[in-house]
Amino acid sequence: MPPKSARGKLRFRKTEPDLGAIALSLFCTFWMPGAVDADCRDDTVLLRGDWGQAKFTVEIADDPAERSRGLMFRENLPRNAGMLFVYERPQRARFWMKNTLIALDMLFVDRAGTVTHIHKDAIPGDLTGIDGGNKVFAVLEINGGLSERFGLTVGTQMQHPVFVGGPAIWPC
């Protein structure tokens with residue numbers, strides 16, 4: 001039991017909600033360009049479509065040296081892992097499998113985060129060029145066969161912080 005001096009009626013002061021702070025918070029959350037959802041992380045790619053949703057943990061290759069090396073010399077890749085290649089601007093993207101030891105699926109993505117082309121089961125070590133088309137802003141490489149297993153299709157939407165500059169089809 002509280003001491004005698006603390007007993008008695010508690011008094012609360014009625015305060016009005018700070019409508020200005022609430023409005024600013026809502027504005028920053030929903031309308032501010034470049035605002036990023038706390039769940040949207042550099043090391044995670046989310047994909048969604050009529051088939052459902054998938055999540056991949058990714059490494060980012062966003063400079064010429066990283067993009068050139070990619071997943072070369074890797075003997076394995078965890079099932080829900082991949083590499084996200086990001087370009088400075090949309091452009092024609094061509095890949096090959098030189099020194100790549102594992103089969104890969106490649107999802108070519110435009111500036112809005114929409115998959116525009118999928119190359120399935122790229123053959124390890126194959127030097128044949130894989131053309132992803134024009135206006136490619138990012139490419140997600142995942143284990144070969146996963147795009148088929150998950151039902152990924154052209155039109156699948158991707159969420160990742162690189163699309164914040166948008167117009168992102170699925171913003172963070």
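A salt bridge here is a side-chain nitrogen of Lys or Arg within 4 Å of a carboxyl oxygen of Asp or Glu. By this rule the count comes to five salt bridges. The model is predicted.

Q: Why is the contact of Arg74 and Glu59 called a salt bridge?
A: The N to O distance is 2.8 Å. The cut-off is 4 Å, so the pair qualifies.

Q: What makes this pair a tie between parts of the chain?
A: Arg74 lies in the loop between α2 (64–69) and β3 (81–95), Glu59 in strand β2 (residues 52–61), so the tie joins parts 15 residues apart in sequence.

Q: Why do Arg67 and Glu88 count as a salt bridge?
A: Their N to O distance is 3.6 Å. Arg67 lies in helix α2 and Glu88 in strand β3, 21 residues apart in sequence.

Q: Is Arg67 buried or exposed, and why?
A: Buried, because 15% relative accessibility is under 20%.

Q: What makes Lys120 and Glu148 a salt bridge?
A: The closest N and O atoms are 2.9 Å apart, and the limit is 4 Å, so the pair counts. Lys120 is in strand β5 (residues 115–122) and Glu148 in helix α3 (residues 146–150).

Q: How do you know that Cys40 and Cys172 form a disulfide?
A: S to S is 1.8 Å. The cut-off is 2.5 Å, so the pair is a disulfide. These cysteines are 132 residues apart.

Terms used
Residues numbered from 1 in each chain as written. Predicted model: local features only at pLDDT ≥ 70, side-chain atom pairs only at ≥ 80, totals over all residues. Heavy atoms only, no water. Helix = DSSP H or I, 4+ residues; strand = E, 2+ residues; numbered from the N terminus. Buried < 20%, exposed > 50% of the residue type's maximum accessible area, 1.4 Å probe, protein only.
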